[in-house]
Amino acid sequence: MLKGISALLSPELLKILSEMGHGDEIVFADGNFPSASLAKRLVRADGHGIPELLQAALELLPLNRYVEYPVMLMQVVPGDPVETPVWEVYRKIVHETEGEDIKFTELERFEFYERAKKAYAVVATGESALYGNLILSKGVIS
């Protein structure tokens, strides 16, 4: 155990966050996402939801200020009547941890999958919210 670091962040996830460089991306994947088949590096966080992991990770991980959209969501498939209230939870967490507005964008489902294949790592969570996936681009500490 370490002081000041959430117990939600496993040693493996802490290592991944530390290894990532500027511009590297990490996926926080919901329970329906094909994490194991897409990930270059897979981190299991079963039983945890994305909001609490996002909160803990963003206490340590700076977001990329050199791209227009450092946070990417999986767009709802056209015609799918699903609501995405978890997105507002994500926006609130990002705003609180970053102290300013950070732009989000939505990527079409298969574009999101392709981006996930290139991501530094995928964190497979137990998040049950549909379209709960997001990608973060790592920034720098100044």
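Residues count from 1 along each chain as its sequence is written, and side-chain values use heavy atoms, with hydrogens and water left out. Since this is a prediction, local features need pLDDT of at least 70 and side-chain atom pairs count only at pLDDT 80 or more, while totals for chains, interfaces and linings use all residues.

**View 1. Helix α3 packs against helix α4.** Here α3 (residues 50–58) meets α4 (residues 86–98) at an angle of about 15°, with the axes 10 Å apart. That makes the pair roughly parallel (angles under 35 degrees). On the α3 side, the contact (heavy atoms within 4.5 Å) is made by Ile50, Pro51, Leu54, Gln55 and Leu58. From α4 come Val86, Val89, Tyr90, Ile93, Val94, Glu96 and Thr97. By class, that's 9 nonpolar, 2 polar and 1 charged residues.

**View 2. Helix α3 is mostly covered.** Of its 9 residues, 7 are buried (under 20% relative accessible area, 1.4 Å probe, protein chains only). They are Ile50, Pro51, Leu53, Leu54, Ala56, Ala57 and Leu58. The cover includes α1 (11–19), β1 (25–29), β2 (42–45), α4, β5 (121–125) and β6 (134–137).

**View 3. Phe28 sits in the largest nonpolar core.** This core (buried Ala, Val, Leu, Ile, Met, Phe, Trp, Tyr and Cys residues joined through side-chain atoms within 4.5 Å) has 48 residues. Ile26, Phe28, Phe33, Leu54, Tyr90, Leu134 and Leu136 touch the most other members. Helix α3 gives the most to the core, with 6 residues. Leaving out residues up to four places away in sequence, Phe28 touches Ile50, Leu53, Ala57, Val123, Gly132, Asn133, Leu134 and Leu136.

Key. Axes fitted to C-alpha atoms, helices over the stretch in contact; angles between N-to-C directions. Helix = DSSP H or I, 4+ residues; strand = E, 2+ residues; numbered from the N terminus. Parallel < 35°, antiparallel > 145°, perpendicular 65-115°, else oblique. Nonpolar A, V, L, I, M, F, W, Y, C, P; charged D, E, K, R; others polar. Buried < 20%, exposed > 50% of the residue type's maximum accessible area, 1.4 Å probe, protein only.
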